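Reader: I have a model open and want to learn how to read its side-chain features. Can we go through them one at a time?

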There are 2 protein chains.
Amino acid sequence: MTYSQAVLNGDRLALSRLLTQVENDEIEGRAALIDLFPYTGKAHLIGVTGAPGTGKSSLVNQLALYYRKTENKRVAIVAVDPSSPFTGGAVLGDRVRMRDLAGDTGVFIRSMATRGSLGGLAQSTANMAQVFDAAGFDVVIIETVGAGQSEVDVAHLAHTTLVVEAPGLGDEIQAIKAGILEIADVLVINKADHPGVENTEKALRSMLDLAHPPERIFRHHGSTMQVAAQKQDSSSVQLWIPPIQRTVATEGRGIVELIQAIARHVVYLTQSGDWSVRERARLEVELDALIREELVSRFRQDVPKDQYESMLEKITQRELSPGEAVRILMNGRLK
Amino acid sequence: MTYSQAVLNGDRLALSRLLTQVENDEIEGRAALIDLFPYTGKAHLIGVTGAPGTGKSSLVNQLALYYRKTENKRVAIVAVDPSSPFTGGAVLGDRVRMRDLAGDTGVFIRSMATRGSLGGLAQSTANMAQVFDAAGFDVVIIETVGAGQSEVDVAHLAHTTLVVEAPGLGDEIQAIKAGILEIADVLVINKADHPGVENTEKALRSMLDLAHPPERIFRHHGSTMQVAAQKQDSSSVQLWIPPIQRTVATEGRGIVELIQAIARHVVYLTQSGDWSVRERARLEVELDALIREELVSRFRQDVPKDQYESMLEKITQRELSPGEAVRILMNGRLK
């Protein structure tokens, strides 16, 4: 029996091994993704992003606990840590707090570190989410550290993106997050028992007003035209303004309300048609990444290494510009 | 006369227009890059990165002033702001402080916002640096907000990378920067008159020890093998341990010492052979990006849009996996 079949049958050990193959982009992993693909498309992918210190991991744990124990859903967590592009090795400290979930076979937790480019990381994360989806997990939570481009990639991957803030982060730090706010479907102020929570909420609200003027509501997931078309078709479509939810994850406070806000977002996605728009956009990103990768790998096969090296040498000597070198390499290939 | 010729003759207006063409990736811009390429390779590219609130822009201004007024060098500044991938529009507030340099034709300042992917931004920045290089600017300072992947890209672009810190940023914020420290050639603690400067230096020093164990010194710019070879060739090669420099940019304190540290780094780069290693690595990144772009653009020309769309539709319906779709699209192309 292949790992794919075993995974479909609920074998945890096979799941764990397959995830490793997929994370390392092994041939077996690629084959399994093709086998499993028909079984995907059912899970609710939830992205959770926020700066270190916002208590994001505790929050993820509480969400997982609730989905598991109260709604009896199977929950997978992919914790992505792109903080160090060089050293690798995910920060696992936070996961120590997951003891509440240990031993529960309806929960699966996986940590990933950045290997190479963030583009590659997003692809790996998407692939792992697909494996969990096929394996029958109802909810896949993808947790990332707030560090720029990675949140945007998560937003393209997730159906629902939570952006986690906490009181007491300086205004200067907040300023950089304007872009991140625009990808938020739900804003969470965790550590809401800390002083300054009112200021944080006020700041978020004014940034939300900037980030979500009515005419831009639909624009942040790409396929503007499609959404606009659907908007015309259905006069009953509501707009989604990201709600701000307060939580104290360490005490489990505000979790039920957050779960309800996420559920409302799913209803919105379904009724507005945005669910399938996001699905399609996500799959298009994935398809394009695979195409790019295949093109480059074929190019590398076609162009002898020494020809490439001699071009690079000429560029270094300023005998040839990179643009000219590409033209020569491409034309040589067609012969 | 073309813009390229005018730029080589020192025409500022032509320079400004050409930079716009290059930033927008217009055909004229691409042609000019090819024309100008033989004149590049002389400028010292200095990357300056740091979180908002570290006073990075003031520091860049001070460096530019010093290079200009004391060393009589021509200085260009490219200020990159990748904070908002959606709204666009570089934060120009900081540049108000550049009044000291206004009207000086030996100084040129350009702000850029993120348009689309960070990969594209790095390419644009590299191209603009090339234009400045060809235009005879001795020093090109590339300033980025510390936000993850972008620093890594700057490190690949610059000969010397300064990472700017300031006292009083929390430990949790520091933790995420471990990866960023590894790209630093010079560490700067700006606002060194603020309380907590000793703690910041202590924290940086212990992180440096982690990030730069002796055997890894040479590894952070990719071409390990080449450097290793050169290392064997020359027994006189020193190692470079990033110095920590304290500055108070608003008062011009520590600037001379910082300039000296940068000069020592240039000496190190030259003597160790690392200068040409970095040059080559940078040009290779650029060549690869151009190759990738050309491959994708040829693919788009070859594959009819409706074939691509129908593949995407089948993927969305789970009739085909992305991997299978790529195989079909590629094979169809070869016929």
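Predicted model: local features only at pLDDT ≥ 70, side-chain atom pairs only at ≥ 80, totals over all residues.

Reader: How do I read a contact between two aromatic rings?

Author: A pair of aromatic rings is described by the distance of the centres and the angle of the planes. Over all chains, the search finds six aromatic pairs. One of them is B:F132 with B:F137, an edge-to-face pair. The centres are 5.4 Å apart and the planes stand at 90 degrees.

Reader: What about B:F132, buried or exposed?

Author: B:F132 is buried, because its relative accessibility is 0%.

Reader: In chain A, which residues do ring pairs link into a cluster?

Author: The cluster holds A:F108, A:F132 and A:F137.

Reader: Next, charges over rings. Which residue has its charged end over the ring of B:F137?

Author: B:R74 does, at 4.2 Å from the ring centre. In chain A, A:R74 lies over the face of A:F137, and the distance to the ring centre is 4.2 Å. So look at B:F137 from two sides of the analysis: B:F132 pairs with the ring, and B:R74 sits over it.

Reader: Now salt bridges. How many are there over all chains?

Author: The count comes to 32. Take A:R246 and A:E201, whose side chains meet at 2.8 Å, N to O. A:R246 lies in strand β7 (residues 244–246) and A:E201 in helix α9 (residues 197–211), both of chain A, so the pair ties together parts that are 45 residues apart in sequence.

Reader: How exposed are the two partners, A:R246 and A:E201?

Author: A:R246 is partly exposed, with a relative accessible area of 32%. A:E201 is buried, at 15%.

Reader: Which residues belong to the salt-bridge network with A:E201 and A:R246?

Author: A:E198 and A:R205 are linked with A:E201 and A:R246 in that network.

Reader: Where does a salt bridge join two chains?

Author: Look at B:R318 and A:E279, with their closest N and O atoms 3.0 Å apart. B:R318 lies in the loop between α13 (305–316) and α14 (322–334) of chain B, while A:E279 lies in helix α12 (residues 274–302) of chain A, so this pair joins two chains. B:R318 is buried, with a relative accessible area of 15%. A:E279 is buried too, at 6%.

Reader: Last, backbone angles. What should I look for in phi?

Author: Most residues other than glycine have a negative phi. Phi of A:D25 is near 55 degrees, which is positive, and the residue is not glycine. Phi of B:D25 is also near 55 degrees.

Reader: Where do these two residues sit, A:D25 and B:D25?

Author: A:D25 is in the loop between α2 (12–23) and α3 (27–36) of chain A. B:D25 is in the loop between α2 (12–23) and α3 (27–36) of chain B. A:D25 counts as partly exposed because its relative accessibility is 41%. B:D25 counts as partly exposed at 40%.

Reader: Which residue meets the side chain of B:D25 in a salt bridge?

Author: B:R30 does, at 2.9 Å, N to O. B:R30 is partly exposed, with a relative accessible area of 35%.

Methods. Residues numbered from 1 in each chain as written. Chains lettered and ligands numbered in written order. Heavy atoms only, no water. Helix = DSSP H or I, 4+ residues; strand = E, 2+ residues; numbered from the N terminus. Buried < 20%, exposed > 50% of the residue type's maximum accessible area, 1.4 Å probe, protein only. Phe/Tyr/Trp six-rings, centres within 6.5 Å; stacked < 30°, edge-to-face > 60°. Lys NZ or Arg CZ within 6 Å of the ring centre and 35° of its normal. Salt bridge = Lys/Arg side-chain N within 4 Å of Asp/Glu carboxyl O.
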